[in-house]
Amino acid sequence: MSEILETAAHPMVFPWLCLAFGLVIGSFLNVVIHRLPKMMERDWQSQCAELRGEAVAPAERFNLFVPRSRCPACSHAIAAAENIPLVSWAMLRGRCSACKARISPRYPLVELLGGAAAAWSAVRFGASPAAFAAMVFLWCIVAATFIDFDTQLLPDSITLPLLWLGLLVNAGGVFTDLRSAVIGAAAGYLTLWSVYWLFKLATGKEGMGFGDFKLLAAIGAWCGWQVLPLTILLSSFIGAAVGIALMVFARHGRSVPIPFGPYLGAAGIVALFWGPQLTRQYLNQFM
């Protein structure tokens, strides 16, 4: 058994094992991205019905595991052979095997991102707790990003566990010390909370959602308060660049909201892997 573990932990083997595992997780992330908003909507509808005193009709069980995945066009149940990450989509040529409806290329993209996240974490941190923790962080960011793109929602069921997990991970000083993680979580939330209220008092409009506060708090819990300025500046720059590009090239109206979570998530990834180095380089310019 020890020889097997040593072989799996070898620097030439471990990233490939993580890549394969990450592709499988990426397939599950597709389920999370598709179903979690629907689960939230069903829960809200049920709560509203109860508040109105209406009887809630029993509904089919619907969660991340049941029912089985189906084609949205013809309800064809996806067989195991049709659910192999990357391979099945390529073999089916991006079409449902039953009705030939188009399967979005986003499905293999998410699978590829899940695998790449795991492989890169393995290369960056080796066979260590930091590698596995980084994988979880990246997978959560991927899921939250695509959900925010689709619905402009950042679910509490992703952001809050990610926040608490960051504090637990750094209780052992994996990415930063616990004191920096706790301050980072509080400062991350309060920073965007303050921006939200200043903008609302000045314009009477809501400039961002509460999910953005929680996501930045989670990033602070994982990376520490020291990288929060970098995260905010980088996410604002990316968001502004994308927003301008959408208005210029895609005729995106100024009144149409743009999700901020994906840009926070991208900046958080940079902060986790390169935050301390980038912060030191920036500060050295003024010393």
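Two rings of Phe, Tyr or Trp, the latter taken by its six-membered ring, are called a pair if their centres lie within 6.5 Å, and such a pair is edge-to-face if the planes are over 60 degrees apart. The structure is a predicted model.

F210, in contrast, is partly exposed, at a relative accessible area of 39%.

Y196 also forms an edge-to-face pair with F213, at 5.5 Å centre to centre and with 70° between the planes. This pair too joins helix α7, which holds Y196, to helix α8, which holds F213, and its members are 17 residues apart. Both Y196 and F213 are buried.

One aromatic cluster is made up of W120, F125, F137, F175, W222, F273 and W274. Among these, F137, F175 and W222 are also listed, with M135 and L272, as the residues with the most contacts inside the largest nonpolar core, which has 55 residues. Helices α2 (14-51), α4, α5, α6, α7, α8 and α10 (261-284) each supply at least two residues of this core. The largest share, 14 residues, comes from α5. In soluble globular proteins, nonpolar side chains tend to be buried together.

What does W222 touch, leaving aside residues up to four places away in sequence? Its contacts are A133, F137, L162, L165, G166, V169, N170, F175, T176 and L272. Two of these, F137 and F175, are members of the aromatic cluster that includes W222.

**Charges over a ring**

F62 has two arginines over its ring. The charged end of R35 sits over the ring at 5.4 Å from its centre. R42 lies over the face of F62 as well, at 4.5 Å from the ring centre.

**Salt bridges**

Side chains of opposite charge can pair when their charged atoms come close. A search of the whole structure finds 2 salt bridges, tabulated here.

| Salt bridge | N to O distance |
|---|---|
| R106 and D150 | 2.8 Å |
| D156 and K214 | 2.7 Å |

In the bridge of R106 and D150, the side chains meet at 2.8 Å, N to O. R106 lies in helix α4 (residues 106-125) and D150 in helix α5 (residues 129-151), so this bridge ties together parts 44 residues apart in sequence. R106 is partly exposed, with a relative accessible area of 29%. D150 is likewise partly exposed, with a value of 43%.

The bridge of D156 and K214 has an N to O distance of 2.7 Å. Because D156 lies in helix α6 (residues 156-170) and K214 in helix α8, this bridge ties together parts 58 residues apart in sequence. D156, at 38% relative accessibility, counts as partly exposed. K214 is buried, with a relative accessible area of 17%.

Note on methods
Residues numbered from 1 in each chain as written. Predicted model: local features only at pLDDT ≥ 70, side-chain atom pairs only at ≥ 80, totals over all residues. Heavy atoms only, no water. Buried < 20%, exposed > 50% of the residue type's maximum accessible area, 1.4 Å probe, protein only. Phe/Tyr/Trp six-rings, centres within 6.5 Å; stacked < 30°, edge-to-face > 60°. Helix = DSSP H or I, 4+ residues; strand = E, 2+ residues; numbered from the N terminus. Lys NZ or Arg CZ within 6 Å of the ring centre and 35° of its normal. Salt bridge = Lys/Arg side-chain N within 4 Å of Asp/Glu carboxyl O. Core = buried A, V, L, I, M, F, W, Y, C linked by side-chain atoms within 4.5 Å. Contact = heavy atoms within 4.5 Å.
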